[in-house]
Structures are given as C-alpha cells and as structure tokens.
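Please read the following briefing alongside the sequence and the model, which are shown next.

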Amino acid sequence: MQTRFHNIIRRELNAEKWNFLLAIVCTLTVAVADLLRPWPLKLIIDNILLGKTLPPSLRSLETWFGTQKASTTIVVASLLIVLSAIKGFSVYAQTSITSRIGYRIAHALRRELFSHLQRLSLAFHKRARAGELLTKV
C-alpha cells in the first residue's frame with residue numbers, strides 16, 4: 001500500500017515537473033528582485049542627493065544624473081516600483097503554482113485511498129469501526 005502511494009506521488013510530481021520549474025523560476029525572480037531593491041535607493045541617496053560619482057558601470061549616465069535631478073529621481077523611483085511589481089507577481093505566481101501542485105497530489109492520494117477502501121471486502125467493513133478507519137486514514 002505504501003509503495004502504491006509513493007508511486008502516485010512520484011507520478012503526480014513527474015506530471016507537474018514544468019510547473020515545478022516555473023515555481024523555481026518565480027522563486028529565483030523573487031530573490032533577484034529582493035537583491036536589486038536597495039540599488040535604486042542607493043542611486044537616489046548617494047548619486048542624486050549627495051552628488052557622489054556613479055560607479056564605473058554607470059559612468060555613461062553621469063551627465064544625466066548631474067543635470068536633471070528631478071527627472072532622474074522619478075525614473076530611478078519608477079525602477080523601484082517596477083522591481084516591487086515584479087516581486088509581487090512572482091510571489092503570487094509561485095504561491096499559486098505550488099498550491100495547485102499540492103492540491104493535485106492530495107486529490108490523487110485521496111482518490112486512491114477511497115478506491116482502495118471500496119475494493120476491500122464487506123467482511124472487512126463489518127469488522128472495522130468507522131472511527132478506527134478515520135484514525136488510520
């Protein structure tokens with residue numbers, strides 16, 4: 001009986017492998033968005049408000065950062081909003097996908113358990129108490 005349930009779980013997980021992959025991608029997207037969120041604030045505080053020089057990778061934007069502070073602040077703050085939206089969508093998608101996978105596996109296990117109980121003999125059901133069966137299930 002236990003190996004049958006393991007086979008059901010294995011079969012369901014195999015059928016959901018693309019959804020698992022998508023959930024992993026969503027989780028990685030959340031991690032990357034969390035890692036990138038401080039950077040726009042750093043740019044606003046260090047480079048726009050305090051006037052420090054930009055890192056070497058952003059030197060080409062130095063003239064824009066120096067002359068148009070208001071529009072630069074709006075663009076960089078918009079980047080923060082975009083990162084938050086990407087993170088929010090990814091969290092929602094990851095939660096939805098993993099919940100759906102869990103519900104499908106639970107449904108398959110319940111269906112198999114019900115089918116097994118239906119195949120048992122009438123003598124077994126006369127002998128067994130309903131409370132004992134529920135406890136074992």
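A crossing is called left-handed if the near helix is turned anticlockwise from the far one by less than a right angle, and right-handed if clockwise. In this sense α2 passes α5 in a left-handed crossing, and the crossing of α3 and α5 is left-handed as well. The model is a predicted one, in which local features need pLDDT of at least 70 and side-chain atom pairs count only at pLDDT 80 or more, while totals for chains, interfaces and linings use all residues. Residues are numbered from 1 along each chain as its sequence is written, and side-chain values use heavy atoms, with hydrogens and water left out.

**Helix α5**

- Helices are DSSP runs of H or I with at least four residues, strands being runs of E with at least two, and both are numbered from the N terminus; helix α5 covers residues 69–119.
- With 51 residues, α5 reaches 75 Å from its first C-alpha to its last, close to the 75 Å expected at 1.5 Å a residue, where the expected span is 1.5 Å times one less than the number of residues.
- Residues count as buried under 20% relative accessible area, as exposed over 50% and as partly exposed in between, using a 1.4 Å probe and protein chains only; the buried residues of α5 include Thr72, Val76, Leu83, Ser90, Ala93, Ile97, Ile101 and Ile105.
- An α-helix has 3.6 residues a turn, so residues three or four places apart point the same way.

**Packing of α2 against α5**

- Two packed helices are described by the angle between their axes and the distance between the axes.
- Helices α2 and α5 pack at an angle of about 150°, with their axes 8 Å apart; axes are lines fitted to C-alpha atoms, for helices over the stretch in contact, and angles run from 0 to 180 degrees between N-to-C directions.
- Angles under 35 degrees count as roughly parallel, over 145 as roughly antiparallel, 65 to 115 as roughly perpendicular and the rest as oblique, and α2 and α5 are therefore roughly antiparallel to each other.
- Serine 90, which is found in helix α5, counts as buried at 4% relative accessibility, and, leaving aside its neighbours within four places in sequence, is in contact with Cys26, Thr29 and Val30.

**Packing of α3 against α5**

- Helix α3 (residues 38–49) and α5 have axes that come within 8 Å and cross at roughly 165°, and the two helices are therefore roughly antiparallel to each other.
- On the α3 side Pro40, Leu41, Leu43, Ile44 and Ile48 take part, meeting residues of α5 that include Thr72, Val76, Leu80 and Leu83.
- The twelve residues of α3 should span 16 Å at 1.5 Å a residue, which agrees with the 16 Å between its end C-alpha atoms.
- Within α3, Pro40, Leu43, Ile44, Asp46, Asn47 and Ile48 are buried, and the helix is followed by glycine 51, whose phi is positive, near 75°.

**Salt bridges**

- A salt bridge is a side-chain nitrogen of Lys or Arg within 4 Å of a carboxyl oxygen of Asp or Glu, and by this rule the count comes to four.
- Glutamate 16 forms a salt bridge with arginine 104, the closest N and O atoms being 2.7 Å apart; glutamate 16 sits in the loop between α1 (2–15) and α2 (17–36) and arginine 104 in helix α5, so that this pair links distant parts of the chain, 88 residues apart.
- Glutamate 16 counts as buried at 5% relative accessibility, whereas arginine 104 is partly exposed at 38%.
- Aspartate 34 forms a salt bridge with lysine 87, with 3.1 Å between the closest N and O atoms; aspartate 34 lies in helix α2 and lysine 87 in helix α5, so the pair ties together parts 53 residues apart in sequence.
- Salt bridges that share partners join Asp34, Arg37 and Lys87 into one network, in which the side chains of aspartate 34 and arginine 37 meet at 3.8 Å, N to O.

Note on methods. Contact = heavy atoms within 4.5 Å.
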